[in-house]
Amino acid sequence: MNIYLIPYNWSRHVVTALFIGGAATITWWLNLVLVVAVGPWLHAGGSWWTHGFEGGLFVCSLASVISGSSLLAEGLVRRRRFRWQVFYVGLAGFLTLLSTLIFIGIYGLIRPYLGGEAMGTLLSDSSLVTLRYRLVVWAWAGLAAGLGAFLSRRFQVWVASKGYGKDGYEPSRSSTWAELGLDAFHHSGGGLAAATLGAAVWHVFGHYDAVVGDLYLAAALGSLTWGFLHGAFVWAIPDNLYAGWVRVLSAERFGRRIPLNHVDGTSAERFLGHFPRGLDVFLPSARGVAELHASFVVDSENRYTVRGLSVVPTVVKRFLEKVDLRYDPQRPAPLETELNMEDRIRIGPNGETEVEFLLLPKEEQ
């Protein structure tokens, strides 16, 4: 999880998912080693270890690691200090573990009374691993993992607002109650959906011989699915970790690039042309560039646009789309269009000059 190694394209949406999915798979493997190597020895010694304990251990450890890994991924890409990373990861894992343990304890107390005496005896059997009777535990653990991550992130915002632990994160404004509710729903709903689908994979691969019929492999695939989908649904790498740049592609000043964002995150505008002074990007007039040809604008919400300020052709080229921004004197304002990653702006009657818009990690400014 290094922001320098995560390009601004489709892959940034799966990096966190792969990271958390890998952590969940390692957790499954550690649980397997513990159950196979340590469990029989403790059980033979007459200690507190029982077979019924293994299921709760697996679900609780998996939920805690998934919740903590989400905060760890965020801390790594934001380059937060190590002590704050440990604190927020531990807080998310602890809240998830505590709520999952409480639910499993309450569910264990009421389980014998569900469906009568005969059904209660069946449900109390630790060897019963069908999805019909274990789904509620998976679902709650997923919900707890999402809420644990949410509460840890909200506490992180509160700490930063007090002037502590700002490294890597500093809120620009206070969140409204509607935004807080939406964020909580996003975390809890994503965690619940991820765990439920992970449980479905665990059931299908473990109980149907036509698929695999192997409970060990099913647990691994269920853990991977849960962790991967939690990373995909709950928290993705935010856009505010990237900043816009303009890079010259034509022969004159090839490779020259300038950042568009201000360091403090306020709105900014960069000008391109061949006027000798005061412009951010100077390009020669011999290549079809006017004195004041175009400007690149970024607002406080990290939205990027380009404006055509000259009657000389200015064309934005992207996949299956072309936008002509040449200035029309009859209009009250210049034309503009929103910029996307790797959009190219061709300037001049024959596109003699070409620049490109890029989104790169903000730390490169």
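**Figure 1. Arginine side chains over the rings of Tyr8 and Trp245.** In this predicted model, Arg12 is placed over the face of Tyr8, 4.1 Å from the ring centre. Arg257 lies over the face of Trp245, at 4.6 Å from the ring centre. A charge is taken to sit over a ring if NZ of Lys or CZ of Arg is within 6 Å of the ring centre and within 35 degrees of the ring normal. The model is predicted, and local features need pLDDT of at least 70, side-chain atom pairs count only at pLDDT 80 or more, and totals for chains, interfaces and linings use all residues. Residues are numbered from 1 along each chain as its sequence is written, and side-chain values use heavy atoms, with hydrogens and water left out.

**Figure 2. The aromatic pair Phe87 and Phe155.** The count of aromatic pairs comes to eleven; rings of Phe, Tyr and Trp (its six-membered ring) pair if their centres lie within 6.5 Å, and planes under 30 degrees apart count as stacked, over 60 as edge-to-face and the rest as tilted. Phe87 and Phe155 form a tilted pair, with 5.8 Å centre to centre and 45° between the planes. This pair links distant parts of the chain, since Phe87 belongs to helix α3 (residues 82-110) and Phe155 to helix α5 (residues 131-161), 68 residues apart. Helices (H or I, at least four residues) and strands (E, at least two) are DSSP runs, numbered from the N terminus. Phe87 counts as partly exposed because its relative accessibility is 37%; Phe155, at 31%, also counts as partly exposed. Buried means under 20% relative accessible area, exposed over 50%, and partly exposed in between (1.4 Å probe, protein chains only).

**Figure 3. The aromatic pair Phe103 and Trp140.** The rings of Phe103 and Trp140 are stacked, at 5.0 Å centre to centre and with 15° between the planes. Here too the pair links distant parts of the chain: Phe103 is in helix α3 and Trp140 in helix α5, 37 residues apart. Trp140 has a relative accessibility of 29% and therefore counts as partly exposed.

**Figure 4. The aromatic cluster containing Phe87 and Phe155.** One aromatic cluster is formed by Trp84, Phe87, Tyr88, Phe155 and Trp158.

Figure 5. Ser250 is found in the loop between β1 (242-248) and β2 (257-259). Ser250 counts as buried because its relative accessibility is 8%. Leaving aside neighbours within four places in sequence, Ser250 is in contact (heavy atoms within 4.5 Å) with Glu352, Thr353 and Glu354.
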